[in-house]
Amino acid sequence: MIGRAEAEAFLRRFGFKLLESAGENVFISDAEGRIMYFNPAAERITGYGLEELIGRHIDVFYRDKALAAARLRDIAASGRSLTYEAIILDKQGREHIFSVKKAPLIGEDGRLAGFMSISRDVTQERLREEELRTLKEFNEAVLSSVHDLVVVTDLDGRVTYYNPTAARTTGHTIDEVRGRPISEFYKDRSLAEEKLYYIRRTGEANSYQAVVLAKDGREVALEVNKAPLHDAAGRLIGFAAVSRDVTLRRRAEERVRELEGILTQRSPVHLQDELLHTRVGQLASRDAPVGRPGEMVSQAAEKLLKHDLPGLPVVGEAGEVLGLITLRDLVEKGLLQGLKLNTPLEQVMRTDFVTIEPETFYFDALRAMVKGRAPLLLVVEGRHLRGLLTAGDLMRSRGATVVTVLDGIESQTTLAGLAKYRTEVDRILQALIVEGALASQITGIITEFNDRITRQVLTLCQRELGPAPAAFAWLGLGSEGRKEQTLTTDQDNALVFEDQVLWDEEALAYFNLLAEQAVNGLARCGFKLCQGWIMANNPKWSGCQSQWLTRIQTWVEDPTPRRTRDAMTFLDFRCVFGQVELADRLRASANRIFTANPRVLTPMAEDTLSKSPPLGLFKRFILEKSGPYRGRINLKAQGTLVLIDCLRLLAVKNGLFETNTLERLDGLIRQDLCSRTLADSVREAYQTLMGLRLRQNVQDLQEGREPSNHVNPEELTPWDQQRLKDALIIAEDLQKTIRKQFWWL
């Protein structure tokens, strides 16, 4: 090991004592790369004293130790100095980017005696460069995005730039709008002026929703993000707005609200799920009978009655549509006008029939049928018949309605029959995801359907086992308890029953069997078994009221990492089936225990901070490096759970015991524990992460894979990449809030 005396002799040999006062970082090593000296400037930035590291290899500072060795070899081989950048670790493990100039030290015998490097910390410079690069890339992505409207106006609000997406969405070209006040295109002109005035007065960007009028009079709903534009001197020169067309999303939200009403009130209104994207060509009957010129009324009537059709198209030899014979016309003319059965079709056919093209969407066809009071629609290309579409076809194509699915779930008498309805539920949910409903709305509806299936499974189990010998409650935990389930949900449940069961072996055996059968029944209905065995058939997650309270007391008084995680899982519980009053009593008692034992918050905070969003230096995505999800990010473990755990901790710390994540956030706002600005950011981050998870679920299913929570950022659009990064940054910021409140961790 090299000692201090040997190092000082080495330095005297090369006369480097003056380096003590150098402002830049100086490192000197021998020919083997062992540290002989580093000056006070280097000590200050690395946090090490020379005595701690003298004789250690210079790679002790390098994150990439192979890089350190390679540069020493290059310099030794060439005899020339090298300039390069490297990531240097200080004593606290923090990363610094150093610009290093390293040169060989040559002894009197002409041989390599060591190395000297002079370096400076360029971390902040690189951060600024990265920020500028990221900003430039983001601006370019926004401007070129096919999804977003970009409009720039001058100080007076007159349009100076209008991107192609804005032109396509509104029908106005840039030449038509340039120089005109942006307020002319708003349905509410005062709103446009109000937003411009706000930015002029405050200098702050703002987001809002507005309805603009397209050239053809259509109303287009936009989500607008408007910001001030400044020149290099900081003077305000105009305004830039990046907007997204949310017209379809608004329609989807309306449909979600309609569905929520159906689920809670059992309204007779039906959900029109994937039909939003269904085309008439997929529904039309292509082998329907037709009439020919020269045929008689009797022949047409026979075809109409045989095929149970309201009308018969009359077509020529080339398949062109000539007219339409309806059953109603034949009946009316036969009764009132004495129509003879041998009358040629040409004399009685009508020519005011309604036609549509195969590419027409379902709802447009339905609208045409209603508007034209037509008993059927003729599907044509040009004038050539391609099929018939009756009112019955349209009604049958709607598939299983929500009410039908709900009735089906609740009327099933076997688990096998119940399991089939899970497919119908998934079909409805996938349609909602594709159509752009908010993630929180979709997860709430997923949970509502899953609750109904769970309740029916338990009902079937009780039919087999008989009535329960005591009051009990089936509890949903985790995402089920929070009403935040996705298409990848597994089981998280528990069971609580009255204390009297403890002294009744038959009653205890009943509940053990109920838990076992219910868990297996749910598995048959598509709810995967929990890998962590957080299920009611595990004695750890089942028990009477007093057992549960003893268990909770142990969790908070002697919190091991496993017990802490169990406590956090339990905090999300709600009653899904059974006696709600029993679950409410357990909740009230548990809340008192947590409130009386604030020391449990520290291990909860440790667990909450143990996982971090996957962002590295310069906020780049950190991707999984191996395994089946190589190159992807786990949106659940590294995204939504970070937000969920942080908000749960803040809620419990402040005596709030809601279970839903966004309800916890609302509770923090009500108690002035969270600003509305921060809450809006967190809510948007949550919707973004959950929305991306749901979309990934659907994509996996469509491509024949098991639904997962892993997404490849490179497969996202530039807009979604930026939204994902922003959401993860907000999750990071929320963790920083936790670190400040639990500063001793």
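The model is predicted. F570 is also one of the residues with the most contacts inside the largest nonpolar core.

**Nonpolar cores**
- The largest nonpolar core holds 106 residues.
- W474, F511, F570 and F594 have the most contacts inside this core.
- Helix α17, residues 439-465, is the top contributor, giving ten residues.

**T443 in helix α17**
- T443 sits in helix α17.
- T443 counts as buried because its relative accessible area is 1%, and the cut-off for buried is under 20%.
- Beyond its neighbours within four places in sequence, T443 contacts K483, E484, Q485, M690 and L694.

**The four-stranded sheet**
- The sheet is open, with strand order β18-β17-β16-β19 and mixed pairing.
- Strands β18 (542-544) and β19 (574-578) form the edges, each pairing on one side only.
- On average, neighbouring strands are turned by 30° against each other, direction ignored.
- β16, residues 472-476, pairs with β19 in the antiparallel sense over four bridges.
- A473 stands opposite G578 of β19.

**Helix on the sheet**
- Helix α20, residues 545-557, packs on the sheet.
- Helix α20 touches β17 (493-497) and β18.
- The direction of α20 makes about 115° with that of β18.

Terms used: Residues are numbered from 1 along each chain as its sequence is written. This is a predicted model: local features need pLDDT of at least 70, side-chain atom pairs count only at pLDDT 80 or more; totals for chains, interfaces and linings use all residues. Side-chain values use heavy atoms; hydrogens and water are left out. A nonpolar core is a set of buried Ala, Val, Leu, Ile, Met, Phe, Trp, Tyr and Cys residues joined through side-chain atoms within 4.5 Å. Buried means under 20% relative accessible area, exposed over 50%, partly exposed in between (1.4 Å probe, protein chains only). Helices (H or I, at least four residues) and strands (E, at least two) are DSSP runs, numbered from the N terminus. Contact means heavy atoms within 4.5 Å. Two strands pair if DSSP finds at least two bridges between them. Axes are lines fitted to C-alpha atoms, for helices over the stretch in contact, and angles run from 0 to 180 degrees between N-to-C directions.
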